[in-house]
Amino acid sequence: MSALPDPGATRAVLIGTSRYDYLEQLPAVSNNLTALAAALAEPLSWGLPPEHCVTLSNPTTAEMTMAAVRAASEQARDTVLIYFAGHGLVDPENDLYLAMPQSRPQRVETGLSYRWLRQALLNGRAERCVVVLDCCYSGLALGSMGGPVDLADQASVEGTFLLAAAAETRTALAPPGEPFTAFTAELLNVLQVGIPQGPELLEFGALYRHMRISLAAKGRPAPQARDRNTGAQLALGRNPAYLPATGSAHPAGKNEVSERSWPNPAEIRTVKGFLKALSDVRVTSGLTHQLVSRRSGGQVSAGTVSRLLNRESLPRTWQTTAAYLSACGVPDAQVAEWEAVWMRLLAETTIEAAARPAVPRASQEHNPTLMERLAGRLSRRNGRS
């Protein structure tokens, strides 16, 4: 079953090397990192908060890179994504290593061995792993690899979906004058434009098939993929080409809405994930805030819907959320599942709040509330008049 990860329990590490001492420069890689980080933070994608997406541009050592990968693998309970853009090199034993700024061909100690990264993912706690390798192969630096399938075979990780660019030269992967590498540009384009007549969610399996056709049609290397343990069903975002117009005057009928692929409450592990999934429900329904209010029979106003979907903390009562879910068309059985998740998260947050140390009274006295500050200003103004 297709699924979007819980952003509160998901981590991403984006690694890119654009400057090299001994290899060809890849200036487009810097743009890759910035654009992909922004895309992963979008509500229609994973909605990752900034602290859950680490960007490493031109990391100087393999040690600092591995520290970030290990931390993400240990913190993630849902999904961990590792992205690398830069030169991919092969050592004398035909093992893959990722080039750092001072890397040299045939000297694996100057780069990051993929075996280390793979082991860190296997030792982590995440249920699902995604590896995206936008590796540029230069014929001058590497010579023949014996076929593009080698990369995916070397990089396969149990429990992951691997998406890799099959490039043999820098020109093929980073066309001169273009802002992004060819592979990542296509990935970003699919996230922004979507797949016409494609699925509701941009599953990695569908994403791979579409990118393979699109890149081949442009005369560029086709990507490779490896799937382990249904990794192809994990989604990178919602398909913009699939979504109905949010301002439609004719919302979907009851049967059509009930058959939609609603966010799965069983996938929710954190408050952030709960709030993100609530927002995804409205997107899936194709309804505006006003239409949700109308379908609720007046139980929730359009303003209440907006406040509910822009919260940063868990709702303290259930009635409004239940009315919102029902108005969007979520089946009653799933609404009950949502309530069970809400009760669990409410209990967890209550316990966490109780465990926090109390703020000293002296500290509180130095932080007047907004109303107190306004009252003080008004008092001083009246005293001058």
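**Exercise 1.** How many of the six residues of strand 1 (residues 11-16) are buried?

*Solution.* This is a predicted model: local features need pLDDT of at least 70, side-chain atom pairs count only at pLDDT 80 or more, and totals for chains, interfaces and linings use all residues. Residues are numbered from 1 along each chain as its sequence is written, and side-chain values use heavy atoms, with hydrogens and water left out.

Step 1. Strands (E, at least two residues) and helices (H or I, at least four) are DSSP runs, numbered from the N terminus. Buried means under 20% relative accessible area, exposed over 50%, and partly exposed in between, with a 1.4 Å probe and protein chains only.

Step 2. Count. Six of the six residues of strand 1 are buried, so the strand is largely enclosed by the rest of the structure.

Step 3. Sort the residues by side. Arg-11, Val-13 and Ile-15 are buried on one side, and Ala-12, Leu-14 and Gly-16 on the other, so both faces are covered.

**Exercise 2.** What parts of the chain does the pair of Phe-161 and Phe-204 tie together?

*Solution.* Step 1. The structure holds three aromatic pairs. Rings of Phe, Tyr and Trp (its six-membered ring) pair if their centres lie within 6.5 Å; planes under 30 degrees apart count as stacked, over 60 as edge-to-face and the rest as tilted.

Step 1. Phe-161 and Phe-204 are 5.5 Å apart, centre to centre, with 35 degrees between the planes, which makes the pair tilted.

Step 2. Phe-161 belongs to strand 7 (residues 160-164) and Phe-204 to helix 8 (residues 204-217), so the pair ties together parts that are 43 residues apart in sequence.

Step 3. Check burial. Phe-161 counts as buried at 3% relative accessibility, and Phe-204 is buried at 1%.

**Exercise 3.** What span should the 14 residues of helix 8 have?

*Solution.* Step 1. The expected span is 1.5 Å times one less than the number of residues.

Step 1. For helix 8 this gives 20 Å, and the end C-alpha atoms are 20 Å apart, which agrees.

Step 2. Look past the end of the helix. Gly-219 follows helix 8, and its phi is positive, near 75 degrees.

**Exercise 4.** Which residues of helix 3 (residues 114-123) are buried?

*Solution.* Step 1. The buried residues are Tyr-114, Leu-117, Ala-120 and Leu-121.

Step 1. They cover an arc of only 125 degrees around the axis, which puts them on the same side of helix 3. The arc is that of the directions from the helix axis to the C-beta atoms.

Step 2. An α-helix has 3.6 residues a turn, so residues three or four places apart point the same way.

Step 3. Turn to the face away from the buried side of helix 3: Arg-115 and Asn-123 are exposed there.
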